[in-house]
Amino acid sequence: MGSLFQIHDRKKAPDSRISKLKKANKMKYNIQQNIKKGRPRITDKKLHLKSVRYNEKQYRIVLDNAKNAGMKPSEWIRESSIKTRVKPRFSTEDRKVLHVLAGVSNNLNQLTALSHQAGMDSFKEKCQKVIDEISNYLKLLSDDR
């Protein structure tokens, strides 16, 4: 019976050896709670993936450029795609000129069809006017490039 009494007393005794160990562990835990261990978390995660296909020649160019820059190919592709400015095929002004040019060309085709029906001499001036207009628009396009 004495052993049961001792176990009972240990549970109640606040200054026992087990409770001291628990307190010491809690203090260590509280101190360690503010200390972060391991690798730090990445703040700027790369979440989006785009696949790109290259032929052999293009791939060699990418590898050479990356090597010359002292970067991995993926780093070089990322940096060059973000920092490089690609000129659009046609600016908004070029698109407007092409739209007008398409309309003028349509008019020329209609005049050509009418000239075949009625005779060439009556539409000569109209056709020349439309051709001059087309030439002016083509000059605008070629000057921008």
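These legends describe close-up views of a predicted model.

In this predicted model, local features need pLDDT of at least 70, side-chain atom pairs count only at pLDDT 80 or more, and totals for chains, interfaces and linings use all residues. Residues are numbered from 1 along each chain as its sequence is written, and side-chain values use heavy atoms, with hydrogens and water left out.

**View 1**
From the N terminus on, the order of elements is α-α-α-α-α-α. Helices (H or I, at least four residues) and strands (E, at least two) are DSSP runs, numbered from the N terminus. The protein has 145 residues, and 11% of them are buried. Buried means under 20% relative accessible area, exposed means over 50%, and partly exposed lies in between (1.4 Å probe, protein chains only). The accessible surface is about 14100 Å². Carbon and sulfur atoms hold 55% of that surface. Accessible areas come from the Shrake-Rupley method with a 1.4 Å probe, and for residues only the protein chains shown count as cover. Take the contacts with a separation of 6 or more: 50% of them join residues 24 or more positions apart. Contact means heavy atoms within 4.5 Å.

**View 2. Helix 5 has 27 residues.**
Its first and last C-alpha atoms are 39 Å apart, close to the 39 Å expected at 1.5 Å a residue. The expected span is 1.5 Å times one less than the number of residues. Which residues of helix 5 are buried? They are Asp94, Val97, Leu101, Val104, Leu108, Leu111 and Ser115. After helix 5 comes Gly119. The phi of Gly119 is positive, near 120°.

**View 3. The largest nonpolar core has nine residues.**
They are Val97, Leu101, Val104, Leu108, Leu111, Cys127, Val130, Ile134 and Leu141. Helix 5 gives the largest share, five residues. A nonpolar core is a set of buried Ala, Val, Leu, Ile, Met, Phe, Trp, Tyr and Cys residues joined through side-chain atoms within 4.5 Å. Now pick out Leu108. Leaving aside neighbours within four places in sequence, Leu108 is in contact with Cys127, Val130, Ile131 and Ile134.

**View 4. Cys127 sits in helix 6.**
Is Cys127 buried or exposed? Cys127 counts as buried because its relative accessibility is 16%. Apart from neighbours within four places in sequence, Cys127 is in contact with Leu108 and Leu111. Ser115 is 12 residues away along the chain, and the C-alpha atoms of Cys127 and Ser115 are separated by 9.1 Å.

**View 5. Leu140 belongs to helix 6.**
Leu140 counts as partly exposed because its relative accessibility is 41%. Asp94 is 46 residues away from Leu140 in sequence. In space, the two are 8.5 Å apart, C-alpha to C-alpha.

**View 6. Arg60 and Glu56 form a salt bridge.**
A salt bridge is a side-chain nitrogen of Lys or Arg within 4 Å of a carboxyl oxygen of Asp or Glu. By this rule, the count is two. Here the closest N and O atoms are 3.3 Å apart. Both residues lie in helix 3, four residues apart, about one turn of the helix. Arg60 is partly exposed, at 44% relative accessible area. Glu56 counts as exposed, at 51%.

**View 7. Lys83 and Glu79 meet through their side chains in a salt bridge.**
The N to O distance is 3.2 Å. Lys83 and Glu79 are about one helical turn apart because four residues separate them in helix 4 (residues 73-83). Lys83 is exposed, with 63% relative accessible area. Glu79 counts as partly exposed, at 32%.

**View 8. Val52, Tyr54 and Tyr59 form a nonpolar patch on the surface.**
Together they have about 270 Å² of accessible area. Val52 lies in the loop between helix 2 (17-33) and helix 3 (56-69). Patches are made of residues with over 30% relative accessible area and no salt bridge; like charges are joined within 9 Å, and nonpolar side chains (Val, Leu, Ile, Met, Phe, Trp, Tyr) within 5 Å.
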